Amino acid sequence: MWKLIIFLLGFAVASGVIFVSLFGVENPNQELTDQQPSSQVTVQISDQEQSAKQDKEDSKSFMNRKLSTSKGIVEGLSRENYDLLEKCAQDLMLLSQEANWKVLNTKPYLKMSADFRSSAERLRNAAAEKNLDGATLAYFEVTLNCVRCHKYIRTIK
Ligand code: HEC
């Protein structure tokens with residue numbers, strides 16, 4: 001009697017093992033745990049790509065804002081529009097404080113950012129005093145700082 005029960009148990013276990021090894025269902029969770037991390041990784045990577053792309057576009061339109069503000073300054077100088085000059089100088093100062101501005105964290109970059117900001121501030125003050133020569137000079141300085149920083153960026157790229 002015991003022999004029969006042991007035999008049946010053994011048979012059940014053995015057939016279970018055979019079934020499982022044939023159909024490979026022994027560990028459905030195994031497959032899931034195998035797959036989940038990899039799909040998470042893909043999601044993470046595409047998220048990163050997405051945000052890198054987003055950052056790039058943000059920084060591009062950000063740089064273009066600098067450009068259109070500079071055009072406004074030329075217009076302000078040509079027309080002696082001090083309100084426009086003051087507004088543009090203010091915009092440049094604000095731009096230079098935004099997170100998008102901090103592309104690099106090197107000493108020269110931070111120094112150039114500070115120089116840029118103070119030349120924009122001089123421009124704003126000259127405009128507030130309706131000092132056209134002072135504003136023109138400050139505008140040259142601002143432009144010089146644009147060019148200096150871009151030159152620096154190209155040397156380290
Ligand atoms: C302290 C550094 C710094 C100063 C000052 C600076 N920029 Fe830039 N600018 C950058 C960096 C960094 C990039 C490149 C960003 C990149 O590659 O993503 C750039 C790129 C640009 C671009 C190119 C965007 C494109 O389409 O590729 C323009 C236009 C621009 N800046 C305008 C200006 C103007 C105008 C000024 C002055 C009013 C100025 N920048 C001052 C750091 C600066």
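Of the 19 residues around the ligand, those that come nearest are Met-63, Lys-66, Phe-116, Cys-146 and Cys-149; a residue is near a molecule if its C-beta atom, placed from the backbone, lies within 6 Å of it. The model is a predicted one, in which local features need pLDDT of at least 70 and side-chain atom pairs count only at pLDDT 80 or more, while totals for chains, interfaces and linings use all residues. Residues are numbered from 1 along each chain as its sequence is written. Helix H2 (28-79), H4 and helix H5 (132-156) each supply at least two residues of the shell around the ligand, and H2 gives the largest share, seven residues. Helices here are DSSP runs (H or I, at least four residues), numbered from the N terminus.

We can turn next to a pair of helices. Helix H3 (residues 82-95) packs against helix H4 (residues 107-128) at an angle of about 160 degrees, with the axes 8 Å apart. Axes are lines fitted to C-alpha atoms over the stretch in contact, and angles run from 0 to 180 degrees between N-to-C directions. H3 and H4 are therefore roughly antiparallel to each other, a label for angles over 145 degrees.

Tyr-139 is found in helix H5. This tyrosine is buried, with 24 other C-beta atoms within 10 Å; the cut-off for buried is 20 or more other C-beta atoms within 10 Å of a residue's own. Not counting residues up to four places away in sequence, Tyr-139 touches Ile-73, Leu-77 and Leu-123, where contact requires C-beta atoms, placed from the backbone, to lie within 7 Å.

How values were computed. Angles under 35 degrees count as roughly parallel, over 145 as roughly antiparallel, 65 to 115 as roughly perpendicular and the rest as oblique. A residue is buried if 20 or more other C-beta atoms lie within 10 Å of its own, exposed if 12 or fewer, and partly exposed in between; C-beta atoms are placed from the backbone. Two residues are in contact if their C-beta atoms, placed from the backbone, lie within 7 Å.
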